[in-house]
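Hi everyone, thanks for making time. Have a look at the model on the screen, and I'll walk you through a few parts of it.

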Amino acid sequence: MSVDSLITLAIAAAIILSAVIPYVRYVGKKEAIAKKRYAEAKIAGLQAAVSAHPHINAIACIGCGGCVDACPEGDVLGIIDGKAVLVHGSRCVGHGVCAEVCPVGAIVMMMAAPGRSAELPILSEQYETNVKNMFIVGELGGLGLIKNAITQGKKVVEAIAGRPRSSNGSYDVAVVGAGPGGLSAGLSAKSHKLKYLILEQGDAGGTILHYPRRKIVMTSPVDLPLWGKLKLTETSKETLLELWEQILAKTQLKVNTNEKVLDIRPGPDHFVLTTAAGEYQARHVVLALGRRGTPRKLGVPGEGLGKVTYRLIDAETYKDNDVLVVGGGDSAVEAAIGLALHGTNRVTLSYRKEVFARLKERNARRLEEFRKKNAVNVELNSNVKEIREKEIDLETPNGTKVLPNDYVFIFAGGELPFDFLKKTGIKFQEQVVA
C-alpha cells in the first residue's frame, strides 16, 4: 500500500473517530445517568408505574433512544445496556408518544395495577360496558390523560345523542364524576340539548383537585364542547382549576357537587342512581371516575387548598420547599424519601400512631437512614389541625407546632371503585402482554 493511501486511511480514520468517540462518550454519559436515576427511583419506590405506562419488548427494542427523546414528561425512560428501560415509572401518565415513535413497534401501553390488580373494564369502541347504556371514560377505562378523557367524554355523549331519548321524565344521561371526562360529557350533553345530570362527590374538577404534579402536560390542544379549543400544552393544577371555573361560569353547566353516588341499579329502560340526597333515574350513565379510587381525607381546615394532594409522581420537581407528608404506610414513607432524596427539600413525615407497624423492611431501613441524617423529620403521635397557604398546625405530644409549609401530601388510604363497579354488573378483563 502506498504512502499516500496510508495517509488517506489515517485521515479518514481520524475523521471517523473524531465523530464516533464524542458520540460514544455522550451515550455512555446518558446511560450512566439513567442507571443512577433508575437506582435512586427504586430506592424511593418510584420506579414502578402507577398508571398507564409503556411495556417494552426488550427483544425487539433496538436501543435507538427515540422513545426517550419523545417523552413529554422527561426521564421516564432511559437506555441501559442498549435497551429502553422504564426508569422512573411513577412519572408516566400515559401520553403514549413513546409507542408512536418507536420504529420497530417494541412498545405497547399498559395500565398499572392500582395496588392489587391490573383489571380493565371490557369496553366497546364507543366506551360502552357490557351493561347496556352504561359507559366508562377517562382513567378508569385505560388512559387517564386529560386530553383522552375530554375526547372520550365528548365521543360517548355523541353516541348517546344518536340513541332514543328518555320518554318517562328521567334524565337522558347521568354523569358520575366531574373531572375532565365528566365535564366534557356534561358539556357535550348540554350542546346536544340532552336532559343531563352530573354528580360529583367532591368539588368540580374531580381528579384534578388531587392531581399529584406541579406541572400538567397536554401533548396537543383539544376541543371542549361549548367552549372551544383548549390550547394548554403545559400548565399547573391551579391554573387548570381556574380555567374549569371559567368554563363552568361561561357555559352555565350545572354540577351537583358533594353528592356521592352510593348505588346504581339497572332497570328495564333506565338506571336508578342513589345518593345521600335521594334517587335519580337516567336512561344512560357515564362513569367518569378516577381509577385509583376516592382518597381518604383528613377533614381539616385548608385541605381544599391547591397545594394539597393525595399522590406523588414527580418528586424531583419539588425543590427547596417545606413539605409535609401525612401517613404511616409504604406510600407515605416512599414519598417522604423521594422528596428528601436530592437534599434541598425540608421534609416532615407525620403519622398519628406511635410506631410504623406495616412498612416493608426496605422502607423501614431507608426511613431510619434518612431520619438519622436529618433528611426527614418524623413526627409520631401527630395530627394535622389546620392547613394554611404558607403554614400548617401540627398537633403533637409536646403541643401544637406551627411549621412552614409549601406542599402537603396525604396518604391516608382510600376506597377503590372496582367493587362498586362489579356490583353494577360491569365485567373486567386481565391484561395479557405477549
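Before I use it, some housekeeping. This is a predicted model, so local features need pLDDT of at least 70 and side-chain atom pairs count only at pLDDT 80 or more, while totals for chains, interfaces and linings use all residues. Residues are numbered from 1 along each chain as its sequence is written, and side-chain values use heavy atoms, with hydrogens and water left out.

Okay, Asp393. It's found in strand β22; helices (H or I, at least four residues) and strands (E, at least two) are DSSP runs, numbered from the N terminus. Which residues is Asp393 in contact with, leaving aside its neighbours within four places in sequence? They are Asn383, Val384, Lys385, Glu386, Arg388, Thr400, Lys401 and Val402. Is Asp393 buried or exposed? It counts as buried, because its relative accessible area is 14%; buried means under 20% relative accessible area, exposed over 50%, and partly exposed in between, with a 1.4 Å probe and protein chains only.

Now zoom out to the sheet around it. Three strands form an open sheet, in the order β21-β22-β23, with antiparallel pairing. Two strands pair if DSSP finds at least two bridges between them. The edge strands, pairing on one side only, are β21 (383-387) and β23 (399-404). Strand β22, residues 391-396, pairs with β23 over six bridges, in the antiparallel sense, and Asp393 stands opposite Val402 in β23.

Next, the nonpolar cores. By that I mean a set of buried Ala, Val, Leu, Ile, Met, Phe, Trp, Tyr and Cys residues joined through side-chain atoms within 4.5 Å. The largest one has 30 residues, and Val173, Leu253 and Val286 have the most contacts inside it. Elements that each supply at least two residues of this core include α4 (146-161), β7 (171-176) and α5 (180-191). The largest share, six residues, comes from α4. Leaving aside neighbours within four places in sequence, Val286 is in contact with residues including Phe135, Val156, Val173 and Ala185. Apart from that core lies another, of 25 residues, among them Val325, Val333, Val378 and Tyr407.

Let's stay with Val333, which is one of the buried residues in helix α7. How many of the residues of α7 (330-340) are buried? It's 10 of its 11, so to speak mostly covered. Those buried residues pack against β18 (322-326), β19 (346-350), α8 (361-372), β20 (376-379) and β24 (407-410).

On to the aromatics. There are four aromatic pairs. Rings of Phe, Tyr and Trp (its six-membered ring) pair if their centres lie within 6.5 Å; planes under 30 degrees apart count as stacked, over 60 as edge-to-face, and the rest as tilted. Tyr318 and Phe409 make an edge-to-face pair, 5.3 Å centre to centre with 80 degrees between the planes. Tyr318 lies in the loop between β17 (308-309) and β18, and Phe409 in strand β24, so the pair ties together parts 91 residues apart in sequence. Tyr318 and Phe409 are buried, and together with Tyr407 they form one aromatic cluster.

The structure holds zero disulfides, a disulfide being a pair of cysteine sulfur atoms within 2.5 Å. Cys71 counts as buried, at 17% relative accessibility, and Cys98 is buried at 7%.

How values were computed
Contact = heavy atoms within 4.5 Å.
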